[in-house]
Amino acid sequence: MHLIAIGGAGMSGVARLLLARGVPVSGSDAANGPALESLRASGARVHVGHDPSHVEGADTVVISSAVPEDNVELGAARSAGLPVLHRAQALAVLMGGARRVAVAGANGKTTTTSMLTVALVAAGDDPSFVSGGEIAQLGTNAALGTGEAFVVEADESDGSFLAYRPHVAVVTNVQADHLDFYGTLARVEAAYEAFTDTITDDGCLVVCLDDPGARALGERASARGVSVETYGFGDGADLRVLSTAADGLGSRSVVQHRDLRRDLELTVPGNHNVLNACAAYLGAVVGLGAEPSPVLDALAGFTGARRRFEVRGSEMGVTVVDDYAHNPAKVSAVVGTGADIVRRRGGALHVIFQPHLYSRTRDFAHDFARALAPADHVELLDVYGAREQPMAGVTSTLIGDQLAALPGDRTLVVGPTREGAVASTAGAARRGDLVLVVGAGDVTALAPLVLDALRERDGDDRS
């Protein structure tokens with residue numbers, strides 16, 4: 001099987017599973033990187049750059065929605081009459097007769113998928129899994145296990161999450177996102193409705209009662225006879241968070257599942273992660289019948305997923321965190337969490353943010369501004385277009401103008417060079433401060449550069 005754009009988070013996961021099944025794998029990607037090196041080491045034949053000759057010898061070609069129709073390898077596959085599968089279709093085939101768990105939602109699905117996988121491992125299962133980010137404790141984003149469960153992060157961005165027919169479906173939230181594909185919130189909601197229709201007859205749906213879209217989805221599913229489990233901070237949740245308090249970069253909570261109260265400890269920060277942990281608990285305990293105690297122990301030891309509030313290091317008493325957040329709700333969660341942390345220790349919050357997609361920037365400029373507002377210092381990079389071409393009049397200035405108009409005393413720099421953003425952030429940060437490097441594009445490369453700049457500044461100060 002030949003995978004176009006094999007280095008992506010989802011595609012690399014499929015490649016790892018194919019290799020584990022003994023299927024010969026080739027692939028290509030536009031640029032080299034750690035994922036490609038890892039796949040080569042696992043036995044894949046990987047090319048940098050796209051060329052029609054790369055498809056020669058393949059029986060089937062696998063693509064994602066990020067692969068344009070004019071890709072030369074895709075064109076060669078179609079001309080040769082080769083079967084072309086979407087990534088989700090290939091993954092559904094790999095899942096076979098496993099007890100399928102699909103985790104969907106605009107926000108939180110990577111962390112919830114990772115938490116659920118770690119919990120099942122601790123409960124004695126050896127699940128197969130594919131996550132959108134590397135799970136720190138397991139050192140990979142995908143593996144083929146020997147247990148009955150198969151946990152998959154179900155990507156709603158292109159409607160492909162309808163392929164899985166899960167026994168357990170988890171929906172963390174239903175919000176307006178990926179409007180470049182769906183066009184309207186109503187179409188997003190219809191896609192989630194169709195997703196719940198794919199749950200097996202003996203399966204269940206887990207939804208967050210605090211999110212209006214997920215709550216409504218659960219109510220409609222329940223009316224159709226689907227077994228529904230809910231979680232949240234609010235009254236009426238089957239698994240309710242009674243109290244929570246910050247504890248360093250983590251938290252301590254008390255939750256009640258029907259008549260049983262339990263302590264829920266986490267080393268990852270924020271109320272959004274408390275909710276993610278609740279979703280993972282219900283998916284494992286109610287959905288798959290795991291014992292509660294090892295699940296709670298695993299959640300207490302969960303150290304996170306790559307690029308989800310990932311601490312990249314500290315220099316001069318300044319902590320640098322990298323996060324993949326790219327829609328307003330995600331950015332609001334990570335910035336709000338960062339602000340809470342620094343306020344408790346009397347520091348300041350610095351954010352380097354790279355907007356992702358021109359359409360998303362156009363549609364949600366005001367929401368991004370509000371999400372960034374708690375920061376003390378914002379470096380607002382140019383838009384990372386990814387699969388989109390530039391749009392007239394759509395730049396990061398749209399967000400910057402909205403942010404400048406909001407109340408608050410903050411430093412705002414719009415459109416800096418990458419070098420300028422690093423230098424400005426490292427120069428302003430002081431002991432006790434927190435730096436967030438945020439976005440789904442190549443902004444992640446700036447986190448180590450900020451640490452280098454802080455280290456260099458420390459050396460200059462000492463000299």
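I first wrote down the cut-offs for accessibility: a residue is buried under 20% relative accessible area, exposed over 50%, and partly exposed in between. I also kept in mind that this is a predicted model.

Entry on R165. I found R165 in the loop between β9 (149–153) and β10 (168–171). Its relative accessible area is 46%, so I noted R165 as partly exposed. I then looked at the backbone of R165, where phi is near 50 degrees, a positive value in a residue other than glycine. I marked this because most residues other than glycine have a negative phi.

Entry on M316. I looked up a second residue with positive phi, M316, for which the value is near 55 degrees, and this residue is not a glycine either. M316 sits in the loop between β16 (310–315) and β17 (318–323). Is M316 buried or exposed? With a relative accessibility of 18%, M316 counts as buried.

Entry on T198. I located T198 in the loop that joins α7 (185–197) to β11 (204–208), and I counted T198 as buried because its relative accessibility is 11%.

Entry on α9 and α10. I next took helix α9 (residues 271–287) and helix α10 (residues 292–301), whose axes come within 10 Å and cross at roughly 150 degrees. Angles over 145 degrees count as roughly antiparallel, so I recorded α9 as roughly antiparallel to α10. The crossing of α9 past α10 is right-handed. From α9, the residues A277, A280, Y281, A284 and V285 meet P292, V295, L296 and L299 of α10. Sorted by class, this contact of α9 with α10 holds nine nonpolar residues, with no polar and no charged ones.

Entry on α12 and α13. Last, I looked at helix α12 (residues 358–372) and helix α13 (residues 397–404), whose axes come within 8 Å and cross at roughly 40 degrees. I therefore noted α12 and α13 as oblique to each other, and the crossing of α12 past α13 is right-handed. On the α12 side the contact is made by T361, R362, A365, H366, F368, A369 and L372, and on the α13 side by L398, I399, Q402 and L403. By class, the contact of α12 with α13 has seven nonpolar, three polar and one charged residues.

Definitions and conventions
Residues are numbered from 1 along each chain as its sequence is written. This is a predicted model: local features need pLDDT of at least 70, side-chain atom pairs count only at pLDDT 80 or more; totals for chains, interfaces and linings use all residues. Side-chain values use heavy atoms; hydrogens and water are left out. Helices (H or I, at least four residues) and strands (E, at least two) are DSSP runs, numbered from the N terminus. Buried means under 20% relative accessible area, exposed over 50%, partly exposed in between (1.4 Å probe, protein chains only). Axes are lines fitted to C-alpha atoms, for helices over the stretch in contact, and angles run from 0 to 180 degrees between N-to-C directions. Angles under 35 degrees count as roughly parallel, over 145 as roughly antiparallel, 65 to 115 as roughly perpendicular and the rest as oblique. A crossing is left-handed if the near helix is turned anticlockwise from the far one by less than a right angle, and right-handed if clockwise. Contact means heavy atoms within 4.5 Å. Ala, Val, Leu, Ile, Met, Phe, Trp, Tyr, Cys and Pro count as nonpolar, Asp, Glu, Lys and Arg as charged, and the others, Gly among them, as polar.
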